[in-house]
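Hello,

Here is the structure I promised to pass on. My notes follow below it.

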Amino acid sequence: MATFICDRCGKCCRSFGAFITPERQLGERDYYCRYGITGEIFLVNVQPEYAGEIADAFDELTGAGQDASGRACIFLRENRKGRGYSCAVYPSRPSVCRDFLCYRMLIYLDASGELRGKVIGANDLRTKDAVLKEIWDEEISKLPRSDDSAWSGSVLKILASHGYRGEPVEG
Ligand code: SF4
Ligand code: SF4
């Protein structure tokens, strides 16, 4: 098993934004939020360095006529300590964010150990390797998906028979 590593691209947080809505500010850094898909209410605590900008964004969001559809999550912020983006409520982020892995398997060329592809979502391959893409399209994409661990085992075997090594990812 490989360990999931987030590269801070921020893509998932841009699409979750419409579903994570701060509804009430409790204190300088505390907000009650709602997850729009399930209606779950959760409490977040904003990291001190983002307190001012989140308070301003919250005021804007709750202003008259604000439309949340299509916006990024209000807690997605530029990373102050390096590249990419940060979550301003990372230690108290909701379970939907904790559980989310944007890829589920890494695929390496066995001989060199070079990373050649990532499996995204249920059954979608991201790769620039034309040979791997052909193997995926012709032998893997049509495998039955009813049993996740059987699917994973079959994928690993097919990849190995062509000189690739798949590593399922855990959070
Ligand atoms: S979980 Fe994935 S999509 Fe989301 S920020 Fe990290 S690398 Fe990007
Ligand atoms: S709460 Fe944090 S991890 Fe979740 S969508 Fe917003 S910025 Fe991303």
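Buried residues make up 17% of the 171 residues in the protein. Buried here is 20 or more other C-beta atoms within 10 Å of the residue's own, with C-beta atoms placed from the backbone. Please keep in mind that this is a predicted model, in which local features need pLDDT of at least 70, side-chain atom pairs count only at pLDDT 80 or more, and totals for chains, interfaces and linings use all residues. Residues are numbered from 1 along each chain as its sequence is written, while chains are lettered from A and ligands numbered from 1 in the order in which they are written.

Overall build: the protein has 5 helices and 10 strands. Both are DSSP runs numbered from the N terminus: helices are H or I with at least four residues, strands E with at least two. The radius of gyration is 20 Å, well over the 16 Å that the globule rule gives for 171 residues, so the protein is more spread out than a compact globule. That radius is taken over C-alpha atoms, and the rule is 2.2 Å times the number of residues to the power 0.38. The C-alpha atoms fill a box of roughly 60 × 35 × 25 Å along the principal axes.

Now the sheet. It is open, has 3 strands in the order β2-β3-β4, and pairs antiparallel. Pairing takes at least two DSSP bridges between two strands. β2 and β4 are the edge strands, each pairing on one side only.

β2 (residues 20-25) meets β3 (residues 30-35) over 5 bridges. Within this pair, Q25 bridges to Y31, and P22 stands opposite C33. A hairpin through 4 residues joins the two strands.

Then the ligands. A residue counts as around a ligand if its C-beta atom, placed from the backbone, lies within 6 Å. Ligand 1 is surrounded by C6, D7, R8, C9, G10, K11, C12 and C102. That shell divides into 4 nonpolar, 1 polar and 3 charged residues. Nonpolar covers Ala, Val, Leu, Ile, Met, Phe, Trp, Tyr, Cys and Pro; charged covers Asp, Glu, Lys and Arg; the others, Gly among them, are polar.

Ligand 2 has C13, F16, I20, C73, F75, L76, C87, V89, R93 and C97 around it. Here the count is 9 nonpolar, no polar and 1 charged.

Best wishes

How values were computed:
Buried ≥ 20, exposed ≤ 12 C-beta atoms within 10 Å, placed from the backbone.
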